[in-house]
Amino acid sequence: MRRLILIIGIAWAMSGVSAQTINTFGDLRAKVLHVGQKLTGRNTTNDQAIAVIVREMAMNYQGRLSRQQFQELKDTIEGMRQQITADTWKTVLGSAVETLQQKTDTLDIQQRILDYYRKVPQEQIYVHTDKPYYVPGDTVWFRAHLVDAVTHTPISRSRYVYVELHDQQADTLCQRIIVRCDSDGVFANAILLPKTIRGGCYTLAAYTQWMRNFPAERFFYKQLVVVGSPSGTDSDYARGVLPVRTGHTATALRTYPALELGQRKGQLLIQLTKSTDEPLSCVLYGSGNLIVTDYTPGKILRIDSKSLRPGSLSVAMVNRETGTIVAESQTTIEGKDAQITISGKAQSNNNPMELNIDVADADGTPLYGNFSLSVTDYDVVKPDTVQPAIDKYLSQQPADYSLADMLRGRFPKIDFGFQTSQTISGSIRGSIFKKVKHPKLMLIRPDTGFRQTFELGDSSRFTINGLDFPDGTTYILEGMRRTGSTSLVQLNIDSITYPVLYPSPSGEGLGERPVPDGFAKQAKEQVMYGSIDREIELPEVVKEKKRQHKPTNLMGVPPFRAFYDDDPMLNNFHSMEILLSTLGIPVYRDAEGELQVRARFGSVNTNYHGPTIYIDEFRSNVEELLMLQPSTIESIEWFDHVGAAHMTIYGWNVSTSGLLLVRQKPGLHGRIFRPLSMATVQQQGWKPSVEFYSPQYPSPSGEGLGERPVPDHRTTLYWNPKVETDADGHATVRFYASDISRRYLVTLEGVSADGIIVQKTVIIE
């Protein structure tokens, strides 16, 4: 009897402890683990106490569990059940599991959001330009800051950024360039404006291939102004009062009046005023924040603002069982800005200037990163007050994340992956619409000597990945059968498509940007004297001797003999036979009466069939060659058997027979038969990086140099797309002042390595 009373007393005592209210999952987990580790397995008389205590804990837990939390507790309790022998107490532990399951969310809201972020990562682009307005012939220096839309950390999952310049008035594309990131993940380059470009508003757009999976309205758009007359007459464009569209604004988040948000005394206050008996969870997401917590309708939920990252924050009330959004709204969490100091002494008359830059977070911790820096003449270039700077732009909630889609697992269709290389795609089929079995594809890049053959197996489609080529690169492709034969084989190359962009509709967000007096004049002088693109207009030069020709073949190899289009002898030849004989390649007929060409060098064996012939980069033959007229020839280059040994890149072994390369004048390509199995591909490649030109003056004011014929009237005095801070968050830049600048507008923009947005504009005078 005494032993029975002792056991019951222990159970009551422990039951009293477990009957206390448990509010957090951490407390519940700790108590369950304590019971499992300290009590289970001592002896069978404790089984009843253990089962009762765990059940009481489950009943008195006041919060909600995620599926992951429930699974963790279930595994722990199942471990207890395996050590208990009595079926009665196993049943009690099973009821504890059922109680906890009732307090588990039907859907794991947080996990679904994280899964969406993982499967559909988003990119955001911000483009920093050296100034907001330009003149014809000017250069737009820019850097594209590519960041993760959730964390704002710099990324280079996409290796290429596409930058386009559109004329808003004419609704036409002016330029498109591809920018490749460097070894530090920096996307920077320049756009040279033609001297014939008309004045007006232009849209600078930027995107990646991955961003094409989503509406083009979400690309980056920035308005640039070219100061000048659009049609040769006076207008607002010439006077400097310019209408500027502020860019596309993403569709606003639907808000509910019943969801009230407020900030007071360092807390975010959230309250749903309408009555409901739905089981609700409050979801906070955006700007790198993700908090999911239970909410009781009518109560005020208080969130410590210090626990939230600054930026745009979405708040939603969600039925945790069905995933239905009951109410949603948006607010902005203000945070302390990064501590940025830019100091220096203004100079003039071509004297050297030095700027010291120090970057730290709000707590004073130094920040490491690569930032873009522009220095302009403040007297003619003012800060851009029309469009948001990088801190305002990136802090906006991206419209790509729909909470309803995330909760329901509705993923967008992904047609474009992260572009880590450039590609060429197409198909190989029979020219009489029959499938080519087990085709092969040969890829040749003549300028580097790269050559590779691919076997396509059962597929007629091909996509060549892993290419990385600058603009102007030419590839030669040839499709063939498994045996190497090209008979009745047709090669088709897919054309490159680009998205239709979304410039602001006429009249949307229309504002005025006054351009300071004197900007147009000073900028035009800058262009005139070539301080931007280093192109100085010189008087016409009279040609006194024959120009030296560069080889026209794709490999740039000097030929053994050649004729070029300005050679007067080309007009004196009446037939290709005479021209070829002059090169030392007579035309004759063989024993079967077939036309042949044979070069005159040494002895040849009986299997010799003449040199390999290419016309406009395509493999050809004697008949096609003789059909040409000498007057239509741009160049004809002959490589003997020695020189041809270096030209096997064209895909044929011509080391013993020589090589003849013929190029027709522009506009005449394709006038003769081209083999359907071959194609010359010249897709748009990335634009090689351009370095900002900053003059160097050996001595102040150019003393000892005499009078300088070129005045220095730069409006952009310094541009550096990659100012790298050291471990102390410090960087120093140096440049020279112009002839006339006295005050300087300095703008630093970018994102640190850990995702802190950096923006600072100062005036040095």
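Strand 15 (311–319), strand 16 (325–333), helix 8 (390–394) and strand 38 (757–764) each give at least two residues to the lining of the second largest pocket. The model is predicted. The volume of this pocket is about 1,000 Å³. Its lining counts 30 residues, and Pro310, Glu334, Gly335, Lys336 and Asp337 lie nearest the centre. Sorted by class, the lining of the second largest pocket holds 13 polar, 9 charged and 8 nonpolar residues.

Rolling a probe the size of a water molecule over the atoms shows where empty space is left. How many cavities of 30 Å³ or more are there? The count comes to 4. The largest cavity contains about 60 Å³ of space. Its lining is made by 11 residues, and those nearest the centre are Asn553, Glu617, Leu661, Val662 and Arg663. Two or more lining residues come from strand 32 (633–639) and likewise from strand 33 (659–664). Which element gives the most to this lining? Strand 33 does, with 3 residues. By class, the lining of the largest cavity has 4 charged, 4 nonpolar and 3 polar residues.

Now the aromatic rings. Across the whole structure, a search finds 14 aromatic pairs. Take Trp210 and Phe214: their ring centres are 6.3 Å apart and their planes meet at 65°, so this pair is edge-to-face. An angle over 60 degrees is what that label requires. Is Trp210 buried or exposed? Trp210 has a relative accessible area of 5%, so it is buried. Phe214 has a relative accessible area of 9%, so it is buried too. The cut-off for buried is under 20%.

Tyr718 and Phe735 give another geometry. Their ring centres lie 5.2 Å apart and their planes are at 20°, so the pair is stacked. Stacked requires planes under 30 degrees apart. The pair links distant parts of the chain, 17 residues apart. Tyr718 sits in strand 35 (residues 716–724), and Phe735 sits in strand 36 (residues 730–736). Both Tyr718 and Phe735 are buried.

Aromatic residues also group beyond pairs. Which residues form one aromatic cluster? Tyr162, Tyr207, Phe219 and Tyr498 do.

Some rings carry a charged side chain over the face. Arg180 lies over the face of Trp686, at 3.8 Å from the ring centre. Lys382 takes a position over the face of Tyr378, at 3.7 Å from the ring centre.

Cysteines come next. A disulfide is a covalent bond between the sulfur atoms of two cysteines. How many disulfides does the structure hold? The number is 0. Cys181 has a relative accessible area of 10%, so it counts as buried. Cys282 is at 0% relative accessibility and therefore is buried as well.

Phe454 belongs to strand 22 (residues 450–455).

Methods
Residues numbered from 1 in each chain as written. Predicted model: local features only at pLDDT ≥ 70, side-chain atom pairs only at ≥ 80, totals over all residues. Heavy atoms only, no water. Disulfide = S-S within 2.5 Å. Buried < 20%, exposed > 50% of the residue type's maximum accessible area, 1.4 Å probe, protein only. Phe/Tyr/Trp six-rings, centres within 6.5 Å; stacked < 30°, edge-to-face > 60°. Helix = DSSP H or I, 4+ residues; strand = E, 2+ residues; numbered from the N terminus. Lys NZ or Arg CZ within 6 Å of the ring centre and 35° of its normal. 1 Å grid on protein atoms, 1.4 Å probe; cavity = no way out; pocket = protein on both sides within 12 Å on 5 of 7 lines; lining within 4 Å. Points joined across faces, edges and corners; volume = space filled by probe spheres on them. Nonpolar A, V, L, I, M, F, W, Y, C, P; charged D, E, K, R; others polar.
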